[in-house]
Each structure stands twice: as C-alpha cells, then as structure tokens.
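Biologist: I want to learn to read packing and charge pairs in a model. Can you take me through one, feature by feature?

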Amino acid sequence: LVEELGEDLDSIFSEFDETPVASASLAQVYRARLRRNGHPVAVKLQRPGLRKLVDSDLDLISFFVTQLHHRVAAFAPYNLPAVVAEMRVAFGRELDFRHESKNLRYFNATNPFTQTVYAPAVYEEYTRERVLVMDFIEGSRLDQAGLPPEQSRRLAVDGARSLFHQILVAGFFHAAPHPGNLLVTPDGRLCALDWGQVGQLTRRMRHFLAELFEAAAALDAERIVSAATVLAAPHRRPDFRAMEKEVTFALRENLNYAIGHQEIGRVILSLLNIFGRHGINVTQDYCLMAKAVLSIEEAARALDPQFDLRHAAEPIL
C-alpha cells in the first residue's frame with residue numbers, strides 16, 4: 001500500500017484498520033478514514049505477486065485449449081484459443097484497479113436510477129494500479145436485510161430494471177451482480193460493489209439481445225433461430241431445423257410457465273451454447289451478459305422468491 005501510494009499512510013489516513021473487512025481471490029478490503037475530510041473509506045488492496053501467478057495460469061490454460069482446438073473436432077466451433085486470448089485481456093484490465101475506478105465513475109455518471117441503485121464514489125487521487133479507495137458503504141447482505149415483503153419485492157425489481165437498462169440501453173453493464181456484490185443500504189437503496197468485470201455491447205448486439213429476450217419470454221423458438229442467423233458467418237449455413245428443435249427443448253427446460261419454473265439467465269446461456277455448436281459466433285460479452293442475468297435472478301429471488309424477471313424487464317424492452 002505504501003509502495004503504491006508513494007507516501008506515508010499517516011499523511012493520508014487518520015485511521016486505518018489492518019484487519020480486512022472483506023477478502024477475495026484478487027484483493028482484500030480495509031476500512032480507513034481520510035485525514036483531509038474525516039470520511040470513512042474502503043481501501044481495496046491487491047494481493048502481492050498476483051499478476052505473475054495469473055499470467056502463468058493463463059499460459060497453461062492457453063496451451064491446453066490450443067491442443068483441444070486442433071485435436072478434438074467437437075471443440076473447434078468454440079474457438080477456445082480466441083476465448084482465452086479475450087480472457088487474458090479482460091484479466092489484465094481487472095488487475096489494474098484504475099479500470100475499475102473508471103467503471104465506477106462511468107456508471108455513477110450515467111445511472112438514471114440513482115434513487116434506487118448506485119455504486120460507491122471513488123477517490124481518484126488515491127487510486128493506483130493495485131489500490132482503489134472509495135466510499136465505505138454501510139449496508140446488509142440481501143439475505144440478512146430483514147426487510148418488509150413489499151420493500152423486498154420493490155428492491156428485486158429495482159435491481160433487475162437497472163441491469164436491463166445497463167445491458168439494453170447503456171450497453172455497459174456490471175458482469176457479476178450476484179448477492180455477494182449487492183448491499184441494501186440504510187436508506188433502502190441497492191449498492192452494487194466490485195466493478196472490476198464489466199461487459200460492453202454495441203448497438204447491433206443490443207438490438208439482437210432485445211429480440212432474443214422477447215422471443216425467449218414468448219417461447220418462440222422459430223423467432224430465436226431467425227434472430228440468430230444474423231450472427232452466422234457468411235460461409236456457414238447452420239442446420240436451422242435442428243437448431244429450432246434444440247431451442248424448443250431449452251425453452252421448455254428453463255421457462256416452463258405451467259409449473260412456475262422461470263430462469264431467463266439459464267435459458268440465454270443454453271441458447272448461446274446451441275448457437276456455438278452450430279457455428280454461430282458468440283462473443284465473450286454475450287456470455288458475460290448471460291452470467292449477469294443469471295446472477296441478478298439469483299439476487300432478486302433472495303429478496304422475493306416469487307420474482308418474475310419478465311415483468312421487471314418489460315419496461316426496458
């Protein structure tokens with residue numbers, strides 16, 4: 001921490017608790033207080049020597065997936081070496097906390113739902129490659145908030161609508177909005193933490209996703225296959241009849257309204273898997289989006305077991 005900030009901690013912090021309040025694979029978070037204004041802050045500090053460890057792991061993974069790509073025909077449509085190359089770039093950004101600082105600032109500057117969902121403010125002057133200083137957020141985990149049922153239902157919808165706005169309107173979204181990264185604050189809002197991993201979608205990608213979500217909610221396999229054809233490479237013609245059969249099965253497995261079984265995130269993951277098997281290219285950001293939708297469904301159901309993502313997403317769509 002001293003090495004990154006380049007000055008004595010006492011000149012920046014009037015208090016610094018050396019016992020971490022949170023710990024994860026990339027970093028630990030400490031509670032401190034700024035000397036200049038007395039504000040409580042969270043100091044996210046990267047684990048020492050992490051970049052070298054990640055690089056060596058990715059080198060090993062890259063070697064194995066290259067072997068799979070060339071030796072096992074079933075893996076060829078996925079182009080795993082390209083996926084790992086994208087992963088390497090993404091990890092490089094995630095290991096530089098200056099990118100997370102920009103993500104936080106961008107979301108807070110463009111977020112239209114500040115009354116219900118927000119992210120911590122960042123102290124840019126104290127942010128470095130391996131250190132991120134931001135407001136300390138007081139709050140409760142979703143499963144420990146103890147809210148009245150009506151407020152829990154409202155928060156579930158607020159979180160889902162925010163994510164769908166991020167995906168379909170802004171084209172910039174939190175890639176891991178799972179319960180561990182969401183806090184219910186004393187003023188009844190949701191605070192989204194850990195913006196190291198985000199997804200970005202072009203206008204064309206967002207139009208395709210809007211079509212995909214609407215068609216999936218309507219259980220319309222033919223429309224899904226038709227929408228997916230725009231992603232197919234010009235020299236490849238997928239077997240649309242076989243795709244439609246697989247899509248129909250995936251919809252029935254994950255969106256069976258008759259028995260109340262609804263998992264939009266899981267069905268989108270299944271559809272992306274089907275597209276890949278039939279040679280239709282899907283980018284990493286589509287996979288991140290599916291994971292984000294799966295995470296927000298999990299978080300919303302922690303607040304409201306009867307949560308229906310279709311109703312929450314409808315105004316955004």
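Biologist: How many salt bridges does the structure hold?

Modeller: Keep in mind that this is a predicted model. Side chains of opposite charge can pair when their charged atoms come close. The structure holds 20 salt bridges.

Biologist: Which residue meets glutamate 4 in a salt bridge?

Modeller: Arginine 130 does, with N to O at 3.0 Å. The pair links distant parts of the chain, 126 residues apart. Glutamate 4 sits in helix H1 (residues 2-5). Arginine 130 lies in the loop between strand S5 (117-118) and strand S6 (131-135).

Biologist: Now helix packing. How do I describe a pair?

Modeller: Two packed helices are described by the angle between their axes and the distance between the axes. Take helix H9 (residues 264-277) and helix H10 (residues 284-303). H9 and H10 pack at about 160°, with axes 7 Å apart. Angles over 145 degrees count as roughly antiparallel, so H9 and H10 are roughly antiparallel to each other. H9 passes H10 in a left-handed crossing.

Biologist: Which residues of H9 and H10 make the contact?

Modeller: From H9: Ile264, Gly265, Arg266, Ile268, Leu269 and Leu272. From H10: Tyr286, Cys287, Met289, Ala290, Val293, Leu294 and Glu297. By class, that is 10 nonpolar, one polar and two charged residues.

Biologist: At what angle do H6 and H10 pack?

Modeller: About 45°, and the axes of H6 (residues 203-217) and H10 are 12 Å apart. H6 and H10 are therefore oblique to each other. The crossing of H6 past H10 is right-handed. H6 brings Met205, Phe208, Leu209 and Phe213. These meet Asp285, Tyr286, Met289 and Val293 in H10. Seven residues of this contact are nonpolar, none is polar and one is charged.

Biologist: What is the angle between H7 and H8?

Modeller: H7 (residues 221-228) and H8 (residues 240-254) pack at about 125°, with their axes 9 Å apart. That makes H7 oblique to H8. H7 passes H8 in a right-handed crossing.

Biologist: Which residues of H7 and H8 meet?

Modeller: Ala221, Glu222, Ile224, Val225 and Ala228 come from H7. Their partners in H8 are Phe240, Met243, Glu244, Val247, Thr248 and Leu251. Eight of these residues are nonpolar, one is polar and two are charged.

Biologist: One last check. What span should helix H5 have, and how far apart are its end C-alpha atoms?

Modeller: Count 1.5 Å a residue. H5 (residues 149-170) has 22 residues, so H5 should span 32 Å. The end C-alpha atoms are 30 Å apart, which agrees.

Biologist: Which residue follows H5?

Modeller: Glycine 171 does, and its phi is positive, near 70°.

Technical notes. Residues numbered from 1 in each chain as written. Predicted model: local features only at pLDDT ≥ 70, side-chain atom pairs only at ≥ 80, totals over all residues. Heavy atoms only, no water. Axes fitted to C-alpha atoms, helices over the stretch in contact; angles between N-to-C directions. Helix = DSSP H or I, 4+ residues; strand = E, 2+ residues; numbered from the N terminus. Parallel < 35°, antiparallel > 145°, perpendicular 65-115°, else oblique. Left-handed = near helix turned anticlockwise from the far one by under 90°. Contact = heavy atoms within 4.5 Å. Nonpolar A, V, L, I, M, F, W, Y, C, P; charged D, E, K, R; others polar. Expected span 1.5 Å × (residues − 1). Salt bridge = Lys/Arg side-chain N within 4 Å of Asp/Glu carboxyl O.
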